[in-house]
Amino acid sequence: MPMLFPVIGLLLFIGLLYAGRGYWAWVSLVAALLVAWAGQGIDSPRVFLAVTGLALAAAGVFGIAFLRRRLVTSPLMRMAEKALPKMSDTERIALEAGTVWWDGDLFSGRPDWQKLLDFRPRPLSETERAFLEGPTEELCAMIDDWQIAQQRDLPPEVWEFLKRRRFFGMIIPEEYGGLGFSAIAHSAVITKISSRSVAAAVTVMVPNSLGPGELLLHYGTEEQKRRYLPGLASGEEIPCFALTEPEAGSDAAATKSTGVICRGEFAGEEVLGIRLNWRKRYITLAPVATVVGLAFRLYDPDGLIGDAPDLGITCALIPSGLAGIEIGDRHDPMGVPFANGPIFGKDVFVPMSFIIGGGDGIGQGWKMLMESLAAGRSVSLPSLSVGAAELATRVVGAYATVREQFNMPIGRFEGIEEPLARIGGYTYFMNAARTLTCGAVDAGEKPAVLSAIVKAYLTQGMRTIMADAMDIRAGAAICRGPKNILGRGFVGVPISITVEGANILTRSLIIFGQGAIRSHPYVRGEMEALETGDIVRFDGAFFGHLNSVFRNAARALLLGLSGGGLAAAPAGGSERAYFRKLTRFSAAFALVADAALAVLGGGLKRREKISGRLADALAWMYLASAALKRFHDQGRPERDLVLVHWSCTLALFKIQTALLGVLDNFPNAAVAWLVRLLAFPLGPRLRPPSDALGAKVARGLLEDGEMRRHLTSDIYHPPPDEDGLGKLEAALAKIVEALPGKAKLKEAVREGSLRRAPDDRLIEDGLAAGVIDAEEARLMKEAEEIRDDVIQVDVFDPEAYGSLKG
């Protein structure tokens, strides 16, 4: 009989996996029958009856829905209501904004990889490709970033070109005079421009991101659309959106800007309107804006339109020239010369019709902002980050070949190989995440959680890449001037880190805090059921959640023991193992996340270090998913295999580190021990990319190889006579062309047939000795001459130096 109880226990455990689905009753009944069958082995009839009775009671309580809800679910609801904090309206709106996409699969513990691989992102249309290869290339050729830095603004001819070719109307439909571009086309344009100038890229991307155009498209009245959208598309109207203020930065809902409904005079007539007062700062394009999108809290103290005195956050569109508006002053964000400044409004009176959406838009401002941010954040800053990453990849790949020390290209030193590998690997998965997320937006998604991931982790990736690239360029990177290709982009990195949700806040509060409710398969249903008191819905959600916990615990253990080997994988080849390991970590992540939710409850949002590590795990699962998707969609090219290996190896190590970091700092030691045993039964076994793997990535970036060209295909390639990247590319081409002759000379020196000498003398000796021919000698001389030119840095006389700006 003692051997029977583990069998019964196993059956009861299986029953727990299906609790709430009616199967518990059957499993309990089977357990009871087994006890009865073995009853002759129990000496005490009382023990036999007690065990059988308990099994039958469990069958009745858990298997009969009416009894379960009355005896189990109802007390659980009361406990949960006390444990969970009340959610404010702004929190609820933020959590409900957007849609759930691939993040839902990653949260489930069982990602459907075939669904991801079958998803087909929208390609560029012929019109979009023509714009990218025509006007965008033309714009990039017009831009001189050093000139922009010195003049502290875009040249007038660039402003005129931007307006004439409707760069400010990329997201505006053609029926309103815009270009009507897809998200991937919008992204491609920003990526290319940002490789030329951060100031120009920001100027273009802001009107096409969160702002008046986006809000009017989705929430404006038809009259408002026809009044403003054609002007915004043509550049006749320059928009800005005033949200941030001294008291309300990351906590934008805490706005002190107010609007009071009253009667007043506008355009010579007395009308019902709003008297506005505000202090806004950090507003991009404010100094040049003709129309201001304004977020404020609307009040109706006299009950002119209803009984509620506080109508909530509202958005309005206001001409910048109205009386009481102070606009035109500038901030200087890190010396990057794009228009940015404060806006002040004192007793500014506007008609009620200025509210975006008219009467229906009253109190809907926060919802408008959160829903628009869910999609808009997917495009602008991730695209700018990828543009910077590809530029850095292009530059350091060439420079590490051209620049020599100790008689060899610096890219051959292991100390340089390490940052080169990071630059190549990060650029690969960052671009993969950019295109995948834009694909989701084009498919109609508003991926709130994934947009936060790509904003935070791609801008952080840009910071990593730019720092590595500056280290490799060394002295050439820190001397300002027209020859400095990366310095101005490097200086601007903190801007991208900060805007559209500071990365610290996004990582520690938003990604998992929002994802745990939006992307989790059951939590949102549980919370909504608690708010409405719907016991039937809570019963289904809670026991479905319980089923998910036990299922993921079992899967995490089995997949952990097998290293993911038991998981299904959709593709063959060496990348198959990464799908399996990611499935394993999805189950582990779901288990750890549920443990954190169960133990910490509503207090989890105050445990920002734990929430941040869970965000890390989710983000790296998404980045690895994107890398695998890109590799699959591009036909699994052999060229990219080393990049997939590097990217996924790093991502898996980061996921492991993040989950272990949660468990190492978990407030309940017993739960942490149990979850660690289930999620990491064999301990942490993954390692970061090896030196050998990194060396393969680094070497792929040198000597203008196919990998380098493919990784940097989205940026602008300047002509060979232009200071900076243009001349560097020309030097690289010459040096690669001269490599065969140089190799012959090195071999002759090694064999002793030629003596070591300075390059110019060695070329002459080699030519005289017949080691190289005249053509090879000519190529080598030209290569050395151009090499010497491109490693020089800018020099200014005292007068010119004293007049430098930026």
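Visitor: Which elements do the buried residues of α14 pack against?

Guide: They pack against α15 (222-234), β1 (239-242), β4 (291-299), β5 (310-319) and α16 (365-376). Some ground rules come next. This is a predicted model, where local features need pLDDT of at least 70, side-chain atom pairs count only at pLDDT 80 or more, and totals for chains, interfaces and linings use all residues. Residues are numbered from 1 along each chain as its sequence is written, and side-chain values use heavy atoms, with hydrogens and water left out. Helices (H or I, at least four residues) and strands (E, at least two) are DSSP runs, numbered from the N terminus. Contact means heavy atoms within 4.5 Å.

Visitor: How many residues of helix α14 are buried?

Guide: Buried means under 20% relative accessible area, exposed means over 50%, and partly exposed lies in between (1.4 Å probe, protein chains only). Helix α14 spans residues 212-219, and seven of its eight residues are buried. Among them are Pro212, Glu214 and Tyr219.

Visitor: Is Asp468 buried or exposed?

Guide: Asp468 is buried because its relative accessibility is 7%. It sits in helix α19 (residues 448-473).

Visitor: What does Asp468 touch?

Guide: Setting aside residues up to four places away in sequence, Asp468 touches Pro419, Arg422 and Ile423. The side chains of Asp468 and Arg422 also make a polar contact of 2.7 Å. A polar contact is a pair of N or O atoms within 3.5 Å; within protein, one must be able to donate a hydrogen and the other to accept it, and residues adjacent in sequence count only if both atoms are side-chain atoms.

Visitor: At what angle do the axes of helix α18 and helix α28 cross?

Guide: Two packed helices are described by the angle between their axes and the distance between the axes. Axes are lines fitted to C-alpha atoms, for helices over the stretch in contact, and angles run from 0 to 180 degrees between N-to-C directions. Here α18 (residues 414-442) and α28 (residues 638-664) have axes that come within 9 Å and cross at roughly 90°. Therefore α18 and α28 are roughly perpendicular. Angles under 35 degrees count as roughly parallel, over 145 as roughly antiparallel, 65 to 115 as roughly perpendicular and the rest as oblique.

Visitor: Which residues make the contact?

Guide: Arg422, Tyr426 and Phe429 are among those from α18, and Leu643, Trp646 and Lys654 are among those from α28.

Visitor: How do strands β2 and β3 run?

Guide: Two strands pair if DSSP finds at least two bridges between them. Strand β2 (residues 258-266) and strand β3 (residues 269-284) run antiparallel, joined by nine bridges. Thr258 stands opposite Asn277 in β3. The two strands form a hairpin with two residues between them, and Ala267 in the turn has a positive phi of about 55°. On to another partner: β3 also pairs with strand β7 (residues 340-351), antiparallel, over nine bridges. There, Leu276 stands opposite Val348.

Visitor: What is the phi of Arg152?

Guide: Most residues other than glycine have a negative phi, and most peptide bonds are trans. Arg152 has a positive phi near 65°. It lies in the loop between α10 (145-151) and α11 (156-164). Arg166 has a positive phi too, of about 60°. It lies in the loop between α11 and α12 (183-194).

Visitor: What is the relative accessibility of Arg226?

Guide: It is 51%, so Arg226 counts as exposed. Arg226 lies in helix α15. Its side chain makes a polar contact of 3.0 Å with that of Glu222.
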